[in-house]
Amino acid sequence: MLRHRLLDAARGLTGARVLAERLYEVGPVTALATTCWLGGAGRFSSSRKAVRFAGLDITVWSSDRKGPPGRLSRQGPEVLRWAVYEAGKTHARASAPDHDYYAQVKDRQGGKRAAISEARKILRQACHILAELGDDALTAA
């Protein structure tokens, strides 16, 4: 029941439909979550800020923190972070367009970091696509 309602909502939203069509392995639920959290004209001034909002940016060393650098900030909507991470994991397939980049990062840092890196790329691309659409991203398809 809930799944059908989410799929209907994704089909009915312009931004979600465009993201699902243009981004590799971004399905309707991921596209819906991304559109709802990032959509709208002027929501973010740069795609880097969208990545930070989602909590997928890597922390750096700071004198006022006791934690080690290189961890995810993990602030922002968990649903969005989970959805784009799952989409990023699909780039492990040899048929994926960015598989070479994924494989390089996996060799250096491991599969989890490679999926996070791909998730960041997906989020940046989605931010640019939604910025092109402007407020039309949130209108009915």
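View 1. From the N terminus on, the elements of the protein follow the order α-α-α-α-α-α-α. The model shown is predicted. The protein holds seven helices and zero strands. Of its 141 residues, 42% are buried. Contacts between residues at least 6 apart in sequence include a 57% share that joins residues at least 24 apart. The accessible surface of the protein amounts to about 8500 Å², and carbon and sulfur atoms account for 51% of that surface.

**View 2. Helix α7 and the residue that follows.** Helix α7 spans residues 111-133 and comprises 23 residues. From its first C-alpha to its last, α7 reaches 33 Å, close to the 33 Å expected at 1.5 Å a residue. Just after α7, G134 adopts a positive phi of about 65°.

View 3. S47 lies in helix α4, which covers residues 47-54. The relative accessibility of S47 is 12%, so this residue counts as buried, the cut-off being under 20%. When neighbours within four places in sequence are left aside, S47 is in contact with R124, C127 and H128.

**View 4. The polar contact between S47 and H128.** The side chains of S47 and H128 are joined by a polar contact of 3.5 Å. S47 itself belongs to helix α4, and its relative accessibility of 12% places it in the buried class.

Key: Residues are numbered from 1 along each chain as its sequence is written. This is a predicted model: local features need pLDDT of at least 70, side-chain atom pairs count only at pLDDT 80 or more; totals for chains, interfaces and linings use all residues. Side-chain values use heavy atoms; hydrogens and water are left out. Helices (H or I, at least four residues) and strands (E, at least two) are DSSP runs, numbered from the N terminus. The expected span of a helix is 1.5 Å times one less than its number of residues. Buried means under 20% relative accessible area, exposed over 50%, partly exposed in between (1.4 Å probe, protein chains only). A polar contact is a pair of N or O atoms within 3.5 Å; within protein, one must be able to donate a hydrogen and the other to accept it, and residues adjacent in sequence count only if both atoms are side-chain atoms. Contact means heavy atoms within 4.5 Å. Accessible areas come from the Shrake-Rupley method with a 1.4 Å probe; for residues, only the protein chains shown count as cover.
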